[in-house]
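Subject: Handover of a structure

Dear colleague,

Please find below the structure that I am handing over to you.

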Amino acid sequence: MKLIDGKKIAEDIRSEIAIEVRKMLDADHKAPHLVAILVGEDEASQTYVASKEKDCHEVGFISTVYKLSATTTEETLLKTIDFINNDEEVDGLIVQLPLPKHISTNTVIQHIHPEKDVDGFHPQNTGRMMAGMPAFLPATPFGIVELLKRSGIETEGKNCVIIGRSNIVGTPMSVLLSRNANPGNCTVTICHSKTPDIKKYTQQADILIVAVGKPHFVKSDMVKQGAVVIDVGVHRVPSETTKSGFKLIGDVDFDDVARKCSFITPVPGGVGPMTRVSLLINTLKSAKKEIYP
Ligand code: NAP
């Protein structure tokens, strides 16, 4: 069994990005600029935005965070987005989700200019991804594709089973791994909460991607010998062995499953760091006008 070290791979990518930024600056180009909008005081969202800011600084990007109160109206948020959309100094714009209930997430996502939509959630980018055109890809599936590529995992002709069909993970993952590309060319099955006898599918998987949002959902009897297992889930659970009293676990029961795998991602240190670095890759691509020349 080989552990897929997402932390190390993400570190390597950050170093490559930092070199690219240095080259841009040397060529009198400005550094890529990412703007994040945070609405409200949700603790997890504040942590995510702070990590994104830290990542930007580490690679030499400019990072700006707009902090708006939880009572901000949808109209004010849309006007703020308009302002950033029109700012030529900004390459990427993300609005941290979830938003307060009185604001429509769909309206907000569609208001972000597709050419700055580095989260890859705008329908124009998801449509372009479906059509195999250049697009900002959603961070988690994009990160998993990079993980597979950089771990030297062959995907062509493989049977891939994905548990979960969310718009941000499962569904785009199925598109990326079934398309005629490398990584890609898998035969993909998506399982969800209405799939009967899910084991019947997962036991056939050469590559099993789990984004079900249920701690330790996947056990060894669900996994084929020699499978590649990618665990997207993240859950904070009480622990007696850590100082904080908590630890992170995934959707896969790692201790039970790992011995059957050829490759497996740990939690933490697998998919999570790759999700973070994908946002940097997209922002760099935006600054270099690689998606929308
Ligand atoms: P989500 O929107 O809650 O989707 C979960 C999916 O799992 C749904 O499609 C659901 O089916 C399916 N499901 C639920 N119960 C099931 C069951 N018993 N059997 C089969 N399928 C079942 O979750 P998500 O946003 O995709 O995230 C999934 C997990 O990944 C969460 O733990 C989240 O925290 C984590 N995550 C991690 C990262 C990272 O960077 N590491 C990024 C994103 C998400 P239905 O569609 O039928 O309801």
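In the account below, helices (H or I, at least four residues) and strands (E, at least two) are DSSP runs, numbered from the N terminus. With these labels, P98 is placed in the loop between β4 and α4 (105-111). Please note that this is a predicted model.

Backbone geometry

The bond between L97 and P98 is a cis peptide bond, and its omega is about 5 degrees. A cis peptide bond also leads from V267 to P268, where omega is near 0 degrees. P268 belongs to the loop between β11 (261-264) and α10. As for phi, D28 is not a glycine, yet its phi is positive, at about 65 degrees. This residue sits in the loop between α1 (6-26) and β2 (33-39).

Domains

The domain assignment of the protein chain gives two ranges: domain 1 covers 27-112 and domain 2 covers 139-273. Taken over C-alpha atoms, the centres of domain 1 and domain 2 are separated by 29 Å.

The ligand and its surroundings

Which residues come nearest to the ligand? Of the 23 residues around the ligand, these are R165, S166, S193, V232 and T275. In the side chain of S166, an N or O atom is 2.6 Å from an oxygen atom of the ligand. For the side chain of T275, the distance from an N or O atom to an oxygen atom of the ligand is 2.7 Å. V232 takes part through its backbone, with a polar atom 3.3 Å from a nitrogen atom of the ligand. On its own, the ligand has 930 Å² of accessible area, and the protein covers 69% of this.

By residue class, the shell around the ligand consists of ten nonpolar, ten polar and three charged residues. Helix α10 (residues 271-287) supplies the largest share of this shell, namely three residues.

The second largest pocket

The volume of the second largest pocket is about 280 Å³. This pocket is lined by 16 residues, of which E88, V90, D91, K116 and K289 are the closest to its centre. How does the lining of the second largest pocket divide into nonpolar, polar and charged residues, and what are the numbers? There are four nonpolar, four polar and eight charged residues in this lining.

The cavity

The structure holds one cavity of 30 Å³ or more. The space in the largest cavity amounts to about 60 Å³. Its lining is made up of L93, I94, V95, L97, I109, I112, D117, D119 and F121. Seven of these lining residues are nonpolar and two are charged, while no polar residue is found among them. Strand β4 (residues 92-95) gives the largest share of the lining, three residues. L97, one of the residues that line this cavity, is also joined to P98 by the cis peptide bond described above.

Yours sincerely

Conventions. Residues numbered from 1 in each chain as written. Predicted model: local features only at pLDDT ≥ 70, side-chain atom pairs only at ≥ 80, totals over all residues. Heavy atoms only, no water. Near = heavy atom within 4 Å. Polar contact = N/O pair within 3.5 Å; in protein donor to acceptor, adjacent residues only side chain to side chain. Areas by Shrake-Rupley, 256 points an atom, 1.4 Å probe, with all protein chains shown as cover. Nonpolar A, V, L, I, M, F, W, Y, C, P; charged D, E, K, R; others polar. 1 Å grid on protein atoms, 1.4 Å probe; cavity = no way out; pocket = protein on both sides within 12 Å on 5 of 7 lines; lining within 4 Å. Points joined across faces, edges and corners; volume = space filled by probe spheres on them. Domains from an automatic or database assignment.
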